Amino acid sequence: MQASLRRVLLAYAQHNPRVGYCQSMNFVAGFLLLVMPEEQAFWTLAALVEDVLCPESYSPSLEGCHVQNRVLRKLLGKFLPRLAAHLDEIGFDVPMLTTSWFMCLYVNVLPPAVVMRVWDVLLTRGAKVLHQVALTLFACAESWLLETTDPWEVTTTLPAALGHYHDRDKLIHHATRSMRGVKKSLLKQMQAAARQDVRWDIERCSSSHKWMQTGQQSLNSAVECAEVSVRLVSSEYDALQVQLLVKIPPDHRSHQDVNLLDLSLEERRHRSEGTSGDESLIKQQAEAAVLLSGSSQARGSCATSSVSDVSNGKVTVDEVDHELLAYEVIPPVDLSDMSTASMAMVQAIDDGYEVPIALNVP
């Protein structure tokens with residue numbers, strides 16, 4: 001059964017590519033396959049969609065379905081004015097309930113035996129039967145609906161009650177006799193007027209959707225520009241803050257200052273990994289781990305010193321500003337791991353060593 005349904009729907013999508021497949025067509029095709037073979041089900045489906053039902057009922061915009069709902073709303077006001085006024089008063093939107101009626105041709109609402117009887121009249125008398133049956137179902141539940149004040153209760157309770165409605169003869173008799181005022185000529189006029197309103201609404205929604213897409217793109221661009229600006233400002237602020245912290249004597253630095261400098265070293269390590277070679281990275285780590293000087297001359301000495309001398313912890317004595325400064329050396333550390341070097345630097349600060357920070361501040 002499932003394979004047959006798939007073949008029928010695929011065949012119709014190839015037969016009528018303008019419509020293709022629309023949700024709810026599976027209910028219609030599946031019900032046809034219960035009573036006829038695949039080929040007959042295919043041609044009956046084509047006849048229903050293209051000749052019997054309201055045009056564009058299964059189009060991508062569902063124009064025909066919207067037209068059917070608007071016409072039914074006007075018919076309710078004409079044949080059941082009290083009920084129509086009550087539904088408006090409680091804020092119930094009729095298409096919330098009737099859209100599936102028109103799209104599935106009552107397959108998902110009424111028992112199968114009743115649906116077969118409705119379809120017999122549909123194929124012989126035309127699409128007006130759909131409105132006549134809808135009006136009859138509302139008329140049968142009118143007394144209960146007039147006492148209901150909750151729109152959600154209408155949406156959930158009425159379909160459940162209709163699933164147990166098995167008196168098909170009474171339904172068809174009431175639909176074709178009591179609602180005989182629903183004539184093809186009247187439906188044609190009402191559908192023409194409703195179709196103009198529906199098309200105008202579809203065009204307006206399409207324009208609004210395009211405008212919203214354009215606005216969303218502009219908003220995304222503005223957000224990206226703002227994020228870039230924030231990152232630039234944040235980077236400049238962090239660089240300035242690091243420059244100020246480097247000038248603070250080690251014994252006057254707070255624990256928060258040390259953490260900030262450690263984070264700066266980590267960021268520098270990531271930049272070095274992406275832009276520099278291994279030897280350059282080790283030299284930069286050595287600059288951060290070994291105290292050479294706060295002056296540019298001492299930093300240059302660090303940059304030109306060999307990696308082995310720095311990592312082995314040799315003592316160096318430089319003359320800076322005509323003063324001999326002996327620098328105590330941090331114990332040798334594994335400079336291949338930046339986090340280890342950073343921890344050694346922090347420990348050296350805590351122990352009282354004067355550790356300069358050699359950073360390439362952007």
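Mentor: Let's start with Asp201, which forms a salt bridge with Arg204; their closest N and O atoms are 3.4 Å apart. Keep in mind that this is a predicted model.

Trainee: Got it. Where do Asp201 and Arg204 sit relative to each other in the helix?
Mentor: Both belong to helix α12, residues 184-246, and they are three residues apart, so about one helical turn separates them.

Trainee: And is Asp201 buried or exposed?
Mentor: Asp201 counts as buried, because its relative accessibility is 17% and the cut-off for buried is under 20%.

Trainee: How many salt bridges does a search of the whole structure find?
Mentor: The search finds eight. One of the pairs is Glu38 with Arg7, where the closest N and O atoms are 2.6 Å apart.

Trainee: Which parts of the chain does that pair link?
Mentor: Distant ones: Glu38 is in helix α3 (residues 38-52), Arg7 is in helix α1 (residues 2-15), and the two are 31 residues apart. Glu38 is partly exposed at 28% relative accessibility, and Arg7 is also partly exposed, at 45%.

Trainee: What about Arg18, which side chain does it meet in a salt bridge?
Mentor: That would be Glu56, at 3.0 Å from N to O. This pair also links distant parts of the chain, 38 residues apart: Arg18 is in the loop between α1 and α2 (25-33), while Glu56 is in the loop between α3 and α4 (63-79).

Trainee: How accessible are those two?
Mentor: Arg18 counts as exposed, with 56% relative accessibility. Glu56 is partly exposed at 27%.

Trainee: Which residues are linked with Glu63 in a network of salt bridges?
Mentor: Arg195 and Arg199 are the residues linked with Glu63 in that network.

Trainee: Changing topic: what is the phi of Leu62?
Mentor: Leu62 has a positive phi of about 55°, although it isn't a glycine. You'll find Leu62 in the loop between α3 and α4, and at 26% relative accessibility it counts as partly exposed.

Trainee: And what phi does Tyr106 have?
Mentor: Tyr106 is not a glycine either, yet its phi is positive, about 70°. Tyr106 lies in the loop between α6 (95-104) and α7 (112-125).

Trainee: Is Tyr106 buried or exposed, then?
Mentor: Buried: the relative accessible area of Tyr106 is 0%.

Conventions: Residues numbered from 1 in each chain as written. Predicted model: local features only at pLDDT ≥ 70, side-chain atom pairs only at ≥ 80, totals over all residues. Heavy atoms only, no water. Salt bridge = Lys/Arg side-chain N within 4 Å of Asp/Glu carboxyl O. Helix = DSSP H or I, 4+ residues; strand = E, 2+ residues; numbered from the N terminus. Buried < 20%, exposed > 50% of the residue type's maximum accessible area, 1.4 Å probe, protein only.
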